[in-house]
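Please examine the sequence and the structure shown below.

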Amino acid sequence: MNYAFCGKSGLQLPKISLGLWHNFGYIDNFEEAKNMILYAFEHGVTHIDIANNYGPPPGSAESNFGKILKENLASHRDEMIISSKAGYLMWDGPYGDGGSRKYLMASLDQSLKRTGLEYFDIFYSHRYDSNTPVEETMQALIDMVKQGKALYVGLSNYPADKAREAMTYLNAQHVPSLIYQGKYSMFNRQPEEEILPVTKEFGSGFIAFSPLAQGVLTDKYLNGIPEHSRAADTTGFLRKEQVTEELVGKVRKLNEIARQREQTMAEMAVAWSLRDERVTSVIVGTRNVTQLQENLNSLKNLSFTQEELMLIDNILDGATL
Ligand SMILES: NC(=O)c1ccc[n+]([C@@H]2O[C@H](COP(=O)([O-])OP(=O)(O)OC[C@H]3O[C@@H](n4cnc5c(N)ncnc54)[C@H](OP(=O)(O)O)[C@@H]3O)[C@@H](O)[C@H]2O)c1
């Protein structure tokens, strides 16, 4: 595994992290979830990304992870970076969603309980909430660190101008933003112009989520929508209609470049997301160990020629998902 320092901090993260958004809930195969986590750890994936609402049902990815950790990796806690988040709807009423201090503090305690952890390495505000002053949300994050329940704090899905406000506040209180988590892939290049200059300016790391565009940047949709795929699953966040012929046509062309690089489409997509030095790590989500193995293989070739990058840019031509 290759590791990189997270922004200006002294914390190193693996170039590939594992996310538990899909495939780790109570509805999923527990043995497969366990195998993926153990395989990841054995191969240097020291960073596991979770959130309060991952499942389904919400909370169950944290509970499953807690069980796997306790039964298999308890003695390795100090070798792992475990993150969680709060920000999206988690429970009924006015205190189970958003960015209020009330919600974040309660959610952190619930997440610690479900995972059985004493602290999270990173705790994120999962989204910007326009109904809560940024100062209130940031102060809650700072106080989590002061209480010893989080070692570092991070932001996710904040518009660039709000991230700037938040990072300014955090810096002034000497609890800088360790990391920003944003959607970034060949099919979503917005961060290049918007948030990446901000993270660079503030010395924050950046971690990309959905580097495979939820699976579209692999060869799996080249011949239609397979039965066991996120687009076919009713519980997933990728809808069939999003897998358009136009996007699949682009993946077909990208796949040719991947072949010439002696990589699979998935391997090239992961490598491409890591080509920018401002990107500390990418978080892959996998359905099974085979997919994880393939994604880790991308580390064997992370460099691109200028010609390859130009060809890729021409194919992408602003396509978004
Ligand atoms: N902060 C946020 O708001 C936010 C939002 C989204 C995600 N995240 C984080 O980022 C993580 C990753 O997101 P993601 O799951 O969307 O990432 P992704 O890596 O873009 O997509 C993962 C999906 O792609 C398919 N896949 C993965 N490897 C493959 C391979 N080698 N060959 C074929 N298909 C493959 C699988 O789908 P199939 O099920 O179709 O096989 C897998 O479930 C999440 O788990 C979470 O931790 C954070």
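Glu277 is placed in the loop that runs between α9 (265-273) and β10. Helices (H or I, at least four residues) and strands (E, at least two) are DSSP runs, numbered from the N terminus. The model is a predicted one, in which local features need pLDDT of at least 70 and side-chain atom pairs count only at pLDDT 80 or more, whereas totals for chains, interfaces and linings use all residues. Residues are numbered from 1 along each chain as its sequence is written.

Glu277 counts as exposed because it has 8 C-beta neighbours inside 10 Å. From Glu277 to Ala106 the C-alpha to C-alpha distance is 36 Å, and the two residues are 171 residues apart in sequence.

Two other loop residues are also exposed. His174 belongs to the loop between α5 (160-172) and β8 (177-183), and it is exposed, with 8 other C-beta atoms within 10 Å. The phi angle of His174 is near 60 degrees, a positive value in a residue other than glycine. Glu262 is found in the loop between α8 and α9, and its phi is likewise positive, near 60 degrees, in a residue other than glycine. With 10 C-beta neighbours inside 10 Å, Glu262 counts as exposed.

Ser100, in the loop between β5 (81-86) and α3, is buried, since 20 other C-beta atoms lie within 10 Å. Not counting residues up to four places away in sequence, Ser100 touches Tyr95, Thr132 and Glu136; contact here requires that the C-beta atoms of two residues, placed from the backbone, lie within 7 Å. A cis peptide bond with omega of about -10 degrees joins Gly55 and Pro56. The bond from Pro56 to Pro57 is cis as well, with omega near -10 degrees.

Attention now turns to the helix pairs. The axes of helix α2 (residues 60-73) and helix α3 (residues 101-115) come within 7 Å and cross at roughly 40 degrees. Axes are lines fitted to C-alpha atoms, for helices over the stretch in contact, and angles run from 0 to 180 degrees between N-to-C directions. The two helices α2 and α3 are therefore oblique to each other. On this scale, angles under 35 degrees count as roughly parallel, over 145 as roughly antiparallel, 65 to 115 as roughly perpendicular and the rest as oblique. In the contact, Glu62, Ser63, Phe65 and Gly66 of α2 meet Ser111, Arg114 and Thr115 of α3. By class, this contact has 1 nonpolar, 4 polar and 2 charged residues. Ala, Val, Leu, Ile, Met, Phe, Trp, Tyr, Cys and Pro count as nonpolar, Asp, Glu, Lys and Arg as charged, and the others, Gly among them, as polar.

Helix α8 (residues 245-260) packs with helix α11 (residues 306-316) at an angle of about 170 degrees, their axes being 10 Å apart. That angle makes α8 roughly antiparallel to α11. From α8 the contact draws on Lys250, Lys253, Leu254 and Ile257, and from α11 on Glu308, Leu311, Ile312, Ile315 and Leu316. The contact of α8 with α11 has 6 nonpolar, no polar and 3 charged residues.

The ligand is surrounded by 30 residues, of which the closest are Gly19, Trp21, Phe209, Gly215 and Gly285. A residue is near a molecule or strand if its C-beta atom, placed from the backbone, lies within 6 Å of it. The shell around the ligand divides into 9 nonpolar, 16 polar and 5 charged residues. At least two residues of the shell are supplied by each of β10 (281-284) and α10 (289-297). Helix α10 provides the largest share, 3 residues.

What does the protein contain as a whole? It has 11 helices and 10 strands. Its radius of gyration is 19 Å, close to the 20 Å that the globule rule gives for 321 residues, so the protein is as compact as a globular protein of that length. The radius is taken over C-alpha atoms, and the rule is 2.2 Å times the number of residues to the power 0.38. Taken along the principal axes, the C-alpha atoms fill a box of roughly 50 × 40 × 35 Å. Buried residues make up 47% of the 321 residues. Among contacts with a separation of 6 or more, 76% are between residues 24 or more positions apart.

Key. A residue is buried if 20 or more other C-beta atoms lie within 10 Å of its own, exposed if 12 or fewer, and partly exposed in between; C-beta atoms are placed from the backbone.
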